[in-house]
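Hi,

Here is the structure I promised to pass on. Have a look at it first, and then read my notes below.

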Amino acid sequence: MNTTRIPDGTGKGYYTMNVEPDFEYVNPLKHLEKSTIQLYHQILLDGYYLKRVVTPILKRILLGEAEEKWKRKLKEITSIEVPEWMKKLLTTQSKNEQEKLLKGISINPDQLVAFILHAGEQGFTYSQYSAENHFKGLDVGEMPTIVHIQDDGSVEKVGKTNLTDGQLKQALTQRKVMIAKFFDKGSEWHCLFTTFNSLGGKENWKDGQPHYHYISDKFGLKREEVVARLKSKEGMSTSIHIPLLDYKL
């Protein structure tokens, strides 16, 4: 995970940006442990950076607190009962079987993490890819460092830009952001993918219900072809929708 702190322009505060770059074929538990501890550590540090009292000793102390917090979180996750459909999904041998198994089911964020860890226990590696595509004609280099549409419709931005507030709104509302999670074991793979529009309730499926799509090697497409299509402006979709419950932006 890459962390960047950006002054807010007032001289009194800053924004912390935590961005997880794409990764491939990692051990699920080790990756979640490393990225979650780092995130917890940054959250704990944020308050002290505002007070300008961060020291190497304080960083080490807070790292220890972050590691203990992860241990508690891992204990919570491992206590979650992995639904039977999740277990069966990793052993299915046909697209038809997968479609039947996933009909009418749902998932919540904690179950998703439990599934990632369960897949690791079954010998699967974990990969994640993301892509962000903007409308034709937008010069991404003109975007400010941070831009946010506030509840009242005004545009908050940090950094230089020649784009108008209207163009910045258009850039945010029309961009397409995709996140895909792959689980691989040999030639076998499973993929759960979603978009920011789906997570934000802006897709026309069940009145905006956030959801994941599912695809696997049993669909007759090559893995590299699926990744390329997911990253493209056109994106891709599947007939299998998995509702994501209890999700909050």
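The buried residues of helix α5 are Gln-111, Leu-112, Ala-114, Phe-115, Ile-116, Leu-117, His-118 and Ala-119, where buried means under 20% relative accessible area, exposed means over 50% and partly exposed lies in between (1.4 Å probe, protein chains only). Helices (H or I, at least four residues) and strands (E, at least two) are DSSP runs, numbered from the N terminus.

Before going on, please keep in mind that this is a predicted model, in which local features need pLDDT of at least 70 and side-chain atom pairs count only at pLDDT 80 or more, while totals for chains, interfaces and linings use all residues. Residues are numbered from 1 along each chain as its sequence is written, and side-chain values use heavy atoms, with hydrogens and water left out.

Back to α5, which covers residues 109-121. How far apart are its end C-alpha atoms? They are 19 Å apart, which agrees with the 18 Å that its 13 residues should span at 1.5 Å a residue; the expected span is 1.5 Å times one less than the number of residues. Just after the helix, Gly-123 takes a positive phi of about 90°.

The other end of α5 involves Asn-108, which sits in the loop between α4 (95-102) and α5. A side-chain oxygen of Asn-108 comes to within 3.1 Å of the backbone nitrogen of Asp-110 at the start of the helix. A polar atom of the Asn-108 side chain also lies 2.8 Å from the backbone nitrogen of Gln-111. For polar contacts, I count pairs of N or O atoms within 3.5 Å; within protein, one must be able to donate a hydrogen and the other to accept it, and residues adjacent in sequence count only if both atoms are side-chain atoms. Setting aside neighbours within four places in sequence, Asn-108 is in contact with Leu-244, Leu-245 and Asp-246, contact meaning heavy atoms within 4.5 Å.

Next, the packing of α5 on α2 (residues 56-78): the two helices meet at an angle of about 90°, with their axes 9 Å apart. Axes are lines fitted to C-alpha atoms, for helices over the stretch in contact, and angles run from 0 to 180 degrees between N-to-C directions. The pair is therefore roughly perpendicular, a label for angles of 65 to 115 degrees (under 35 is roughly parallel, over 145 roughly antiparallel and the rest oblique). Lys-73, Leu-74 and Ile-77 of α2 meet Asp-110, Val-113, Ala-114 and Leu-117 of α5.

Elsewhere, His-41 in helix α1 (residues 28-51) is buried, with a relative accessible area of 12%. Which residues does His-41 touch, not counting those up to four places away in sequence? They are Lys-59, Leu-62, Leu-63 and Ala-66. His-41 and Leu-62 are 21 residues apart in sequence and 6.3 Å apart in space, C-alpha to C-alpha.

Two backbone angles may also interest you. Most residues other than glycine have a negative phi. Tyr-25, in strand β3 (residues 23-26), has a positive phi near 55° and is partly exposed at 45% relative accessibility. Lys-206, in the loop between α7 (196-199) and β9 (211-216), has a positive phi of about 50° and counts as exposed at 58%.

As for the chain as a whole, it has eight helices and ten strands, and buried residues make up 38% of its 249 residues.

Best wishes
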